[in-house]
Amino acid sequence: MVGKVYLVGAGPGDVDLLTLKAYRLIASAEIVVYDRLVSDDILALIPAGARCIDVGKQASRHPVPQDKINEILVALGLAGDRVVRLKGGDPFLFGRGGEEAFALAAAGIAFEVVPGITTAQGCAASCNVPLTHRGVASGLRFITGHCRGDAALDFDWHGLADPSTTLVVYMGLANIGEIADRLIGHGRDPATPVMAVSNATRADEKRLATSLAAVTRDAETAGLESPTIFIIGEVVNVAEVLNGGAEIYAQSLMAAAE
Ligand SMILES: C[S@@+](CC[C@H](N)C(=O)[O-])C[C@H]1O[C@@H](n2cnc3c(N)ncnc32)[C@H](O)[C@@H]1O
């Protein structure tokens with residue numbers, strides 16, 4: 001009998017941000033295949049007797065290659081197992097969930113995707129940064145700061161520099177300098193506020209409020225480490241207001257929203 005694989009989003013780290021469906025699957029799991037970004041608090045929900053396969057790192061400390069992960073999932077599915085494939089954030093957002101779903105479908109194994117809170121949402125909530133805000137940001141774009149095989153960041157920089165767009169950069173720590181330069185080079189104001197957040201929604205969450213012009217230097221000075229996400233845009237100033245500062249700016253935000 002062929003098994004079933006659940007591609008489950010674990011969210012950015014805080015256990016309370018799991019969906020009920022994810023929680024139930026994790027708490028009753030017999031086999032869990034998990035990534036590096038799944039928090040210890042969430043791994044602690046796995047029943048003691050369950051078999052856990054860590055594909056976030058192997059003996060050499062490198063992650064298990066994606067095709068090998070696909071093979072593991074297919075082999076477990078063909079063996080008739082009910083597998084919880086646990087991934088940070090949402091499986092379909094920079095999570096390679098599509099590739100795993102393809103491999104399972106090709107092997108005739110049933111799968112189901114359980115969405116997770118993506119890091120941008122968890123981080124926005126914990127930092128009080130609304131990702132859109134009337135009169136301030138009418139659109140939102142998620143981009144990766146790192147392309148396959150270190151390929152060039154060949155994006156629509158003109159569109160990304162649109163001041164009414166909030167930009168969220170995943171996997172951007174190594175290339176944030178180039179990203180900031182490209183945005184400024186395409187007309188985005190160097191004073192555009194930036195919020196960088198490491199370990200978002202976890203006990204050791206670290207935040208840095210800076211600007212596009214200063215983000216590279218400030219991220220280095222602050223010693224930000226992976227995982228870090230960057231929110232770029234005027235909405236970051238809303239957080240300053242909601243967190244108790246910048247009264248004058250609050251008035252202009254309210255006026256803009258009217
Ligand atoms: C491979 S992507 C996975 C994204 C994930 N599927 C999601 O929906 O959030 C990994 C990147 O997500 C971001 N990330 C994941 N968890 C994070 C966290 N708790 N705090 C900050 N950034 C995080 C970082 O930019 C990291 O490099």
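**View 1. Arg85, a buried residue in strand β4.** At 1% relative accessibility, Arg85 counts as buried (under 20% relative accessible area, with exposed being over 50% and partly exposed in between, using a 1.4 Å probe and protein chains only). You'll find Arg85 in strand β4, residues 82-87. Strands (E, at least two residues) and helices (H or I, at least four) are DSSP runs, numbered from the N terminus. This is a predicted model, so local features need pLDDT of at least 70 and side-chain atom pairs count only at pLDDT 80 or more, while totals for chains, interfaces and linings use all residues. Residues are numbered from 1 along each chain as its sequence is written, and side-chain values use heavy atoms, with hydrogens and water left out.

**View 2. Who touches Arg85?** Skip the neighbours within four places in sequence, and Arg85 is in contact with residues including Val5, Tyr34, Val55, Leu73 and Glu100 (contact means heavy atoms within 4.5 Å). Asp35 is on that list too, and its side chain makes a polar contact with the Arg85 side chain at 3.1 Å. A polar contact is a pair of N or O atoms within 3.5 Å; within protein, one must be able to donate a hydrogen and the other to accept it, and residues adjacent in sequence count only if both atoms are side-chain atoms.

View 3. Of the 19 residues around the ligand, Leu93, Thr118, Thr119, Ala200 and Thr228 come nearest (a residue is near if one of its heavy atoms lies within 4 Å). Check out the backbone here: a polar backbone atom of Pro12 is 2.9 Å from a ligand nitrogen, and one of Asp90 is 2.8 Å from a ligand oxygen. A backbone N or O atom of Ala200 also lies 2.8 Å from a nitrogen atom of the ligand. Taken alone, the ligand exposes 570 Å², and the protein buries 91% of that (Shrake-Rupley method with a 1.4 Å probe; for residues, only the protein chains shown count as cover).

**View 4. Helix α5 and its cover.** Look along α5, residues 119-127, and you'll see that Ala120, Gly122, Cys123, Ala124 and Cys127 are buried. Among the elements covering these buried residues are β6 (139-144), β7 (165-170) and α9 (235-242). Just after α5, Asn128 takes a positive phi of about 60°.

**View 5. Ser211 in strand β9.** Ser211 lies in β9, residues 206-211, and at 19% relative accessibility it counts as buried. Leaving aside neighbours within four places in sequence, Ser211 is in contact with Pro190, Ala191, Thr192, Pro193 and Val194.
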